[in-house]
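User: I'd like to learn how to read aromatic contacts in a protein model. Could you walk me through them?

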Amino acid sequence: KAGTSSEIMSILPYGIKFPKDNIVDIERKIKLRKSLGIPENALVMISVGAINDNHKRMSYIVQEFSKLKLSNTFLILLGQMEKSSSDIISKAKKLLPKNNFFIKSVPYEDIPSYYQCSDIFVLASYNEGFGRVFLEALSFGLPVITHEVPIFHQVMGNTGYHIDLSKENELSNFLTEEKVSSINSSEDQIKRIEYTKKTYSWEALAEKYVEMIEKTAKN
């Protein structure tokens, strides 16, 4: 409609460097948790993104996490600190036991260790331009829970779990003992890893990107 020929257009997904050590056995996970100060046998939920409320809605995650009817849980929030971060940290200190959460910034290269230590990934934002963190979490086999948004379905195919995170108690009610057990099966973990590698790894996309560049150069 804008007058550009469709012949020179390409639609390609975001590419990521796929982790080589993404499948983590129990012994390795325990060792990593010890090194990071995370309880060995806890159910660990992680969210990665700016520690704010206007977009990433980290307070919602804290609030819902405090209502989980599960024993022995641990929450990790990783991301850049912003103006609202102190309020989110204060809320966590008020609602959660002293030693069952981290809210902090870490170097990007350290984030994979936290994914490998975790059991569930959650992002409460209502929308994202794409959602790179979804691919990061899926590449380590984590079940990913998001708000019900069309683009999140598109990015994750049938590997994600999409619920209405605008509602109070939605996340805490979703994560029952039975649900946590079912979404963490070894079979599903492998499916998530394979889907991400096949769809978003540079191994799968490099040739398509080269074709796009060559097509653009010719025109």
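This is a predicted model: local features need pLDDT of at least 70, side-chain atom pairs count only at pLDDT 80 or more; totals for chains, interfaces and linings use all residues.

User: Which parts of the chain does the pair of F74 and F102 tie together?

Analyst: F74 belongs to strand 2 (residues 73–78) and F102 to strand 3 (residues 101–104), so the contact ties together parts 28 residues apart in sequence.

User: Are F74 and F102 buried or exposed?

Analyst: Buried means under 20% relative accessible area. F74 has 1% relative accessibility and counts as buried; F102, at 18%, counts as buried too.

User: What is the geometry of the pair Y195 and Y200?

Analyst: The ring centres of Y195 and Y200 are 6.2 Å apart with planes at 80 degrees, so this pair is edge-to-face. Both Y195 and Y200 are buried. They also belong to one aromatic cluster, formed with Y14 and F130.

User: Which charged residues lie over the rings of Y60 and F102?

Analyst: Here we look for a Lys or Arg charge within 6 Å of the ring centre and within 35 degrees of the ring normal. K104 places its charged end over the ring of F102, 4.2 Å from the centre. Over the face of Y60 lies R57, at 4.6 Å from the ring centre.

Conventions
Residues are numbered from 1 along each chain as its sequence is written. Side-chain values use heavy atoms; hydrogens and water are left out. Helices (H or I, at least four residues) and strands (E, at least two) are DSSP runs, numbered from the N terminus. Buried means under 20% relative accessible area, exposed over 50%, partly exposed in between (1.4 Å probe, protein chains only). Rings of Phe, Tyr and Trp (its six-membered ring) pair if their centres lie within 6.5 Å; planes under 30 degrees apart count as stacked, over 60 as edge-to-face and the rest as tilted.
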